[in-house]
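Hi,

Here is the structure I said I would pass on. Have a look at it first, and my notes follow below.

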Amino acid sequence: MATTEQEVNELIKREYEHGFVTEIETDTFEPGLNEDVIARLSAIKKEPEFMLEWRLKAYRRWLEMKEPNWAHVGYPKIDYNSISYYSAPKRKEDMPQSLDDIDPELLRTYEKLGIPLHERAQLAGVAVDAVFDSVSVATTFKEPLAKAGVIFCSISEAVRDYPELVQKYLGSVVPHTDNYFAGLNAAVFSDGTFVYVPKGVRCPMELSTYFRINAANTGQFERTLIIADEGSYVSYLEGCTAPMRDENQLHAAVVELVALDDAQIKYSTVQNWYPGDENGKGGIFNFVTKRAACIGKNSKVSWTQVETGSAVTWKYPSCILRGENSVGEFYSVALTHNYQQADTGTKMIHLGKNTSSTIISKGISAGKSSNTYRGLVKFGPRAEGARNFTQCDSLLIGDRCGAHTFPYIESLNKSAIVEHEATTSKVSDEQMFLCRQRGIDPEQAVSMIVNGFCKEVFKELPMEFAVEAGKLLEVSLEGSVG
Amino acid sequence: MLSIKNLHASVEGKEILKGINLEINAGEVHAIMGPNGSGKSTLAQVLAGNDAFDVTSGEVTLNGDNLLEKETEARARDGVFLAFQYPVEIPGVSNLQFMRTAVNSMRHHRGESEMNAAEFMKLAREVSKQVDLDPAFLKRGVNEGFSGGEKKRNEIMQALLLQPKLAILDETDSGLDIDALKVVADGVNALRSKDRGILMITHYQRLLDHIVPDYVHVLAEGRIVKSGGRELALELEDRGYGWLGIKDEATDADSALSNSAH
């Protein structure tokens, strides 16, 4: 009485929902990477001189670096000269002055993705920066945010309009020397989001960036910088999708968060890049460096991520807990299906006194996928009274997938306390039988069981996105029963 | 209503059911008794459609429909309910959400509108009282950290919510103290209806003091070896299974104990 193989196959063939391509005229660099390309990129963006120098320095260093191979993932060698490093929709002027200047095709694209940019349809209470390939095409609610003193704009604008803030903080958390992909990003980053929340301001709405890769053979190298000044609070969410293509595409982003005294940043990600087809063809290589510096005392950063997309994910949102009593949190759901590979986790670096961190990681593997948690909890010599709690749970669906856990703990302070729990479980035949015996469809049963497994993480997401994340899991799990 | 003809079933190549014949009409309560390993639970699982068991021959119909060719969930929607002997836990999924999903799956199947969370909450609270479960249990994970008795009451609660045509109760009495047994029995008696058939699987006759069956069958080595009325269960309690030519050490020991107590 098992669900027949045929039914399962039909379900698997259901298409990735956001896999369409927008037909639009673009300005695209020919593939290849050299100093001229970087200079052209910087010129197109009308960047100040310091920025070009910054990029070239990073590029020269990157040439000497080696691609990391320690992650539990395998992928074909990337030819960095076959990628185009800039692609943007053609437009008359440098920056669209209002939404009316934006190509209607672009507006339709975002509407189709559920992110209406037009004022009358904008998502209530959520300001959006829409990044399309290499450029930000629109940022909503800029004015009401400016009234509150919050700067919310594309990083390209920030480089021009707020050079002193950019110069002070860009690369301060993730230096270009940090790792191979961060080095590459520093050299060629094209757009991304910049947020500054001034002293004592509670950002009046959710901020979000929606990243869309559209053009073929291009890489997306976005850079996000969020600074929360003393006593401020901001909640930020990013979403990402891409068309279905047979070739792999590279997404190498860098996100830097800076929290000063008593500041709080909540950063949530719903990552749904194209994961490739059921045979593992195509999909995005998602090699991302995300790090937060809790510089100030009593500062707090929470990373919440729901990772369902990408062919290969390599990502460790981390916190450097420098300020006394600062708090770092990492809540993660990573789901892999078919031939997806994910090597993800976090680093909590405790440097200050009484710093504390919490890690809750939920890995779900289905199909022939591989899902790895990799985490580092480190206590420096001055981290008196610091503590960490880590919980890593893995859930397997079927018997052809894999789950791995690599928790590293380094302590240079005897007073530090670390607790670690880990479990691995399966969606059992008994659970499935119970659900089906109560009249529940097998697909619905799996998604209900998986949602239950992820509950602790979902409750950390902003409300409107928690529902979204649950639905996303449902779609991503289609065809996993059999 | 339920008609089982010459049913054979095996698990991992070993034949467990060796030709079961049984007719249950709407309104009737049947009890199946028998020693451990006689195939009682297998019968329950096969009727509900657990694919760990292979039906090798025979037929089963529910109101004329061939039950065996249907998926588990389709049988459930046709009105087959199984109260599990060992209800499994589903961590993180609230009992309330689980039960509402089940009820709405059935309603959807019948072309009825789904119940919203508030409507369902009201219904669930009422039914939970019927089985003496604190409504706080509705918010807990399905069977998560429930005691044996709580799990059994939770199963009966689901039967009361889903209102099946055929309720199969697999050792619903096992592991219960006398008070819990009474609560469960009250729940089962509340299920009794002229439109519903009940098949109770039990090892002990004590459940039948509280839920009086219309028919009692003795299952041994995969076949029904004796059928009778209520009095058959009492006879089994007194005499054990030996007089039917059935070997069962556990029950022999039990009846020896109860004999010596007389």
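Let's begin at the start of helix 4 of chain B, where a side-chain oxygen of Asn116(B) comes to within 3.1 Å of the backbone nitrogen of Ala118(B). Bear in mind that this is a predicted model.

The helix itself covers residues 117–130, so to speak 14 residues, and its first and last C-alpha atoms are 20 Å apart, close to the 20 Å expected at 1.5 Å a residue. Its buried residues are Phe120(B), Met121(B), Ala124(B), Val127(B) and Ser128(B). Looking down the axis of helix 4 of chain B, you'll find them within an arc of 135 degrees, so they line one face of the helix. What do they pack against? Helix 3 (95–109) and helix 5 (148–162), both of chain B. The face turned away from that buried side has the exposed residues Ala118(B), Lys122(B) and Lys129(B). Just after helix 4 of chain B, Asp132(B) has a positive phi of about 60 degrees.

Now for the cavities. Strand 19 of chain A gives the most, with 5 residues.

Cheers

Definitions and conventions:
Residues are numbered from 1 along each chain as its sequence is written. Chains are lettered from A and ligands numbered from 1 in the order in which they are written. This is a predicted model: local features need pLDDT of at least 70, side-chain atom pairs count only at pLDDT 80 or more; totals for chains, interfaces and linings use all residues. Side-chain values use heavy atoms; hydrogens and water are left out. Helices (H or I, at least four residues) and strands (E, at least two) are DSSP runs, numbered from the N terminus. The expected span of a helix is 1.5 Å times one less than its number of residues. Buried means under 20% relative accessible area, exposed over 50%, partly exposed in between (1.4 Å probe, protein chains only). The arc is that of the directions from the helix axis to the C-beta atoms. Contact means heavy atoms within 4.5 Å. A polar contact is a pair of N or O atoms within 3.5 Å; within protein, one must be able to donate a hydrogen and the other to accept it, and residues adjacent in sequence count only if both atoms are side-chain atoms.
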